[in-house]
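Please read them with the coordinates open.

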Amino acid sequence: MAKVGNLDFRAYVDAKEAQTNQDNTVERAYAYVSDRHTRATFDKIKPVELAVSSAVRLMRQVGRSELLGTAVKVGPQQFPRVHEIATHCADTLGIA
């Protein structure tokens, strides 16, 4: 029968916490070396990360505005049949 080593979870966690790098983050054993280098580079250039995240948020808002700006509004004058069905459903469900 094979022998099992020490299964002390607390000791395992303590050993992993001892393997912290300069940024006080645990080094991920499963991460590729290039991924670790890329992450470290991004951590060093925080303003670039903030600029990229702001640009992504802006593009999402622009896309949303374009989508809503070109949408067709349903009302009693435009698409009255669809408006009537929606009104009937809302009355049935008791919502505005």
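1. Arg 39 has a relative accessibility of 42% and therefore counts as partly exposed, a class that lies between buried (under 20% relative accessible area) and exposed (over 50%), computed with a 1.4 Å probe on protein chains only. Its side chain forms a salt bridge with Glu 49, with the closest N and O atoms 3.7 Å apart, where a salt bridge is a side-chain nitrogen of Lys or Arg within 4 Å of a carboxyl oxygen of Asp or Glu. This pair links distant parts of the chain, since Arg 39 sits in helix α2 (residues 33-44) and Glu 49 in helix α3, 10 residues apart. Glu 49 is itself partly exposed, at a relative accessible area of 30%.

2. This is a predicted model, in which local features need pLDDT of at least 70 and side-chain atom pairs count only at pLDDT 80 or more, while totals for chains, interfaces and linings use all residues. Residues are numbered from 1 along each chain as its sequence is written, and side-chain values use heavy atoms, with hydrogens and water left out.

3. Glu 49 has a further partner in Lys 46, the closest N and O atoms of this salt bridge being 3.5 Å apart. Lys 46 and Glu 49 are 3 residues apart in helix α3, and so are separated by about one helical turn. Lys 46 is partly exposed, with a relative accessible area of 42%. Salt bridges with shared partners join Arg 39, Asp 43, Lys 46 and Glu 49 into one network.

4. By the same rule the count comes to 4 salt bridges, and one of them joins the side chains of Arg 10 and Asp 14 at 3.0 Å, N to O. Asp 14 is partly exposed, with a relative accessible area of 37%.

5. What makes up the nonpolar surface patch of about 390 Å²? Phe 42, Ile 45, Val 48, Val 52 and Val 56 make it, and α3 gives the largest share, 3 residues. Patches are made of residues with over 30% relative accessible area and no salt bridge, like charges being joined within 9 Å and nonpolar side chains (Val, Leu, Ile, Met, Phe, Trp, Tyr) within 5 Å. Val 48, found in helix α3, is partly exposed at 42% relative accessibility.

6. Gly 94 follows α4 and has a positive phi near 75°. The helix α4 has 14 residues and reaches 20 Å from its first C-alpha to its last, close to the 20 Å expected at 1.5 Å a residue, the expected span being 1.5 Å times one less than the number of residues.

7. For the protein as a whole, mean pLDDT (the predictor's confidence in each residue, from 0 to 100) is 82, with 84% of residues at 70 or more. Confidence is lowest in helix α1 (residues 9-18), at a mean of 78, and highest in α4, at 94. The protein has 4 helices and 0 strands, these being DSSP runs numbered from the N terminus (helices H or I, at least four residues; strands E, at least two). Buried residues make up 3% of the 96 residues.

Conventions:
Accessible areas come from the Shrake-Rupley method with a 1.4 Å probe; for residues, only the protein chains shown count as cover.
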